[in-house]
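Visitor: Can you walk me through this one? Keep it quick, please.

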Number of protein chains: 2
Amino acid sequence: MNAPSSFTDNPLPVLPQPYLVFLGDTTEPGYAKTAFGLRDWASDLCVGEFSCSPDAVSIGLPAMTPAEAKAAGARSLVIGVANPGGVLPESWTAALVEALDAGLSIVSGLHARLSDVPALREAAERSGQQLVDIRVPPSAIPVGTGRKRSGKRLLAVGTDCALGKKYATLSLARAFKERGVNCDFRATGQTGIMISGGGIPMDAVISDFEAGAAEMLSPDAPGDHWDVIEGQGSLYHPAYAAVSLGLLHGSQPDVFVVCHQPGRKTILGLPDFPLPAVEDVIDLTIRLGKRTNPAIRCGGVAFNTSGLAADEAEKLMADESARLGLPVADPIRKGPAFEALVTSCLGEE
Amino acid sequence: MNAPSSFTDNPLPVLPQPYLVFLGDTTEPGYAKTAFGLRDWASDLCVGEFSCSPDAVSIGLPAMTPAEAKAAGARSLVIGVANPGGVLPESWTAALVEALDAGLSIVSGLHARLSDVPALREAAERSGQQLVDIRVPPSAIPVGTGRKRSGKRLLAVGTDCALGKKYATLSLARAFKERGVNCDFRATGQTGIMISGGGIPMDAVISDFEAGAAEMLSPDAPGDHWDVIEGQGSLYHPAYAAVSLGLLHGSQPDVFVVCHQPGRKTILGLPDFPLPAVEDVIDLTIRLGKRTNPAIRCGGVAFNTSGLAADEAEKLMADESARLGLPVADPIRKGPAFEALVTSCLGEE
């Protein structure tokens with residue numbers, strides 16, 4: 001499911017794959033979320049793992065040197081860990097230079113720019129490899145036009161940030177493919193971009209071009225093709241709603257799925273802001289989204305029930321589904337409710 | 001009304017004023033809109049005009065050399081004309097170097113960066129003057145927090161772009177001051193920034209920081225102080241709604257004024273997108289704006305009636321005012337309806 005788009009008119013950059021996943025000298029698994037995401041969602045694109053300390057966390061892939069990974073087909077080393085502050089520690093430099101000299105490009109989602117490190121810049125020039133900072137959006141983003149594009153689109157929206165939009169859309173795209181649907185996952189954030197090999201970091205785009213970037217992300221496609229677009233933020237988020245609205249307008253989705261984490265009462269980090277009700281998100285998304293797609297509809301609701309026991313989660317989702325009159329499912333737990341959500345999104349009976 | 005903010009906690013840059021207005025070698029008045037805006041709204045800050053061709057357009061200010069303007073108190077030369085493409089023509093370079101050497105900084109709203117011209121960079125270093133590109137937002141914009149700030153805020157919103165939000169808010173700020181209200185005009189676009197001497201080009205801010213930039217633009221202020229904030233775009237604009245929503249959330253306005261141009265039927269340049277009704281803009285602005293200010297209300301409507309005869313405009317505004325139950329006025333024509341709009345915005349009887 002993670003192959004780069006085959007549309008020749010898509011000007012988005014494509015990351016060099018497969019990957020050697022770099023774990024640095026990180027001993028805290030919480031800092032290796034990107035690496036675990038790659039293992040879980042792009043395992044066929046990860047030939048092995050590599051660290052620069054015997055104490056580093058492992059994600060359970062074969063340990064390889066850069067030279068071994070290159071021989072196994074890897075085309076880039078992807079930095080799978082983040083430090084607080086998003087810096088590039090000096091302790092990583094020798095390992096990254098080794099990778100470049102072995103013929104691997106470097107892919108990073110950190111705040112710090114790879115090309116700001118002289119040793120990496122020199123090694124990249126020497127080896128002819130790329131330094132890819134995926135937080136940097138493409139340079140030639142046009143202003144949005146609102147023009148209706150061919151093909152079908154699904155967008156994840158949310159009651160908040162950081163509650164499962166990426167994994168919901170990855171799971172939906174995988175399920176679409178399993179049903180034989182021609183489909184691409186369209187990443188809008190850094191981990192999603194690493195997993196899928198392309199995309200646009202929507203939060204890093206200049207505001208005037210936000211909708212235009214979303215239009216660029218899901219170009220014209222065959223009529224039966226689906227773009228499954230990773231969501232960002234929330235229309236109710238006091239800091240990030242601009243990102244969400246530009247993404248909604250530019251994506252012109254035919255179908256959206258509301259992502260929510262039961263039990264979360266307030267916006268993450270902003271305890272004065274209550275989380276909106278799912279039905280309010282549905283109503284507002286339709287009201288705003290119909291500006292660029294009058295046929296927009298809600299396909300259902302994705303719950304992140306990772307904090308609940310299985311039976312508790314199942315009962316809650318059944319109750320919510322009855323209350324809302326829509327499929328409600330956990331896209332990680334799957335099961336019949338998830339199949340109903342997939343069917344509803346595809347508009348099948 | 002155009003004095004830089006007196007709030008010491010406001011980190012926004014302040015332009016060196018007063019100005020010598022530069023008209024280049026432009027013979028087409030349509031390209032000198034910024035210069036005319038400065039003459040009309042910041043005449044007390046413009047000591048004179050300067051061009052590098054005898055055929056250049058005039059805005060009716062005293063003609064001065066940079067040295068004469070410096071002697072008359074000018075602190076910068078502001079580029080009041082734009083060429084198609086926003087480039088800096090080579091034919092201007094000698095005049096701009098003359099200004100720097102005379103002790104004036106240069107202020108530009110063009111796409112082209114002043115510091116990309118070696119002769120200007122050298123002259124600025126030599127003379128110790130600044131090259132100010134106002135399209136560049138401040139560097140340290142924080143993420144929004146939604147925290148309620150002290151003081152009162154008015155924001156212009158619109159049915160579309162480019163229909164009079166800047167002049168409506170300039171006119172309202174001037175009227176507030178005439179009534180003795182403690183108030184600042186907060187510019188969100190380049191011409192407004194030149195007129196007021198400060199502000200943030202909201203369309204040039206990275207999406208993730210759009211609401212944060214709007215929060216920075218109108219900081220905490222005394223309880224009876226008003227910030228009158230220039231609007232941008234429209235929540236109904238398929239390309240620019242992200243800018244408008246970030247500005248709305250971050251501005252947390254107590255009052256908003258809807259700006260509209262009667263007769264405009266579709267979004268400028270996008271004939272497939274009908275203009276929204278004024279009442280729809282009111283309803284949607286309240287729905288979205290109450291997320292960061294539950295007390296948000298509509299103060300009235302500003303019509304740009306420049307295309308209508310005076311009696312026609314007066315009748316149309318009276319009819320619309322009766323239909324909407326709100327003051328409707330042309331902030332350039334003024335008159336009793338405008339006084340009613342000012343009164344309504346201030347919440348007075």
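**Domains and sheet**

Guide: The domain assignment of chain A gives domain 1 (19–129) and domain 2 (152–346). Such bounds come from an automatic or database domain assignment. This is a predicted model: local features need pLDDT of at least 70, side-chain atom pairs count only at pLDDT 80 or more, and totals for chains, interfaces and linings use all residues. Residues are numbered from 1 along each chain as its sequence is written, while chains are lettered from A and ligands numbered from 1 in the order in which they are written.

Visitor: How many Å apart are the C-alpha centres of domain 1 and domain 2 of chain A?

Guide: They lie 30 Å apart. The contact takes 8 residues from domain 1 of chain A and 5 residues from domain 2 of chain A. Two residues are in contact if their C-beta atoms, placed from the backbone, lie within 7 Å.

Visitor: Which element gives the most on the domain 1 side of chain A?

Guide: That is α1(A), with 4 residues. Helices (H or I, at least four residues) and strands (E, at least two) are DSSP runs, numbered from the N terminus. By class, the side of domain 1 of chain A that touches domain 2 of chain A has 5 nonpolar, 3 polar and no charged residues. Ala, Val, Leu, Ile, Met, Phe, Trp, Tyr, Cys and Pro count as nonpolar, Asp, Glu, Lys and Arg as charged, and the others, Gly among them, as polar.

Visitor: What is the strand order in the open sheet of chain A?

Guide: The order is β2-β1-β3-β4-β5 (chain A), with parallel pairing. Two strands pair if DSSP finds at least two bridges between them. In chain A, β2 (46–50) and β5 (131–133) each have a single partner strand, so one side of each is left without a neighbour in the sheet. From one strand to the next, the twist averages 25°.

Visitor: What packs on the sheet?

Guide: Helix α1 (residues 33–41) of chain A does, touching β1, β2 and β3 of chain A. Its direction makes about 145° with that of β1(A). Axes are lines fitted to C-alpha atoms, for helices over the stretch in contact, and angles run from 0 to 180 degrees between N-to-C directions.

Visitor: Switching topic. At what angle do α7 and α8 of chain A pack?

Guide: About 45°, with the axes of α7 (residues 210–217) and α8 (residues 241–251) of chain A 7 Å apart. That makes α7(A) oblique to α8(A). Angles under 35 degrees count as roughly parallel, over 145 as roughly antiparallel, 65 to 115 as roughly perpendicular and the rest as oblique. The residues of this contact of α7(A) with α8(A) divide into 6 nonpolar, 5 polar and 2 charged.

Visitor: And the two chains? How many residues does each put into the contact?

Guide: Chain B gives 29 residues and chain A gives 29 residues. On the chain B side, the largest share, 6 residues, comes from α8(B). That side of chain B has 16 nonpolar, 8 polar and 5 charged residues.

Visitor: What about phi at Gln252(A)?

Guide: Gln252(A) has a positive phi of about 40°, although it is not a glycine. Gln252(A) lies in the loop between α8 and β9 (255–260) of chain A. Most residues other than glycine have a negative phi, and most peptide bonds are trans.
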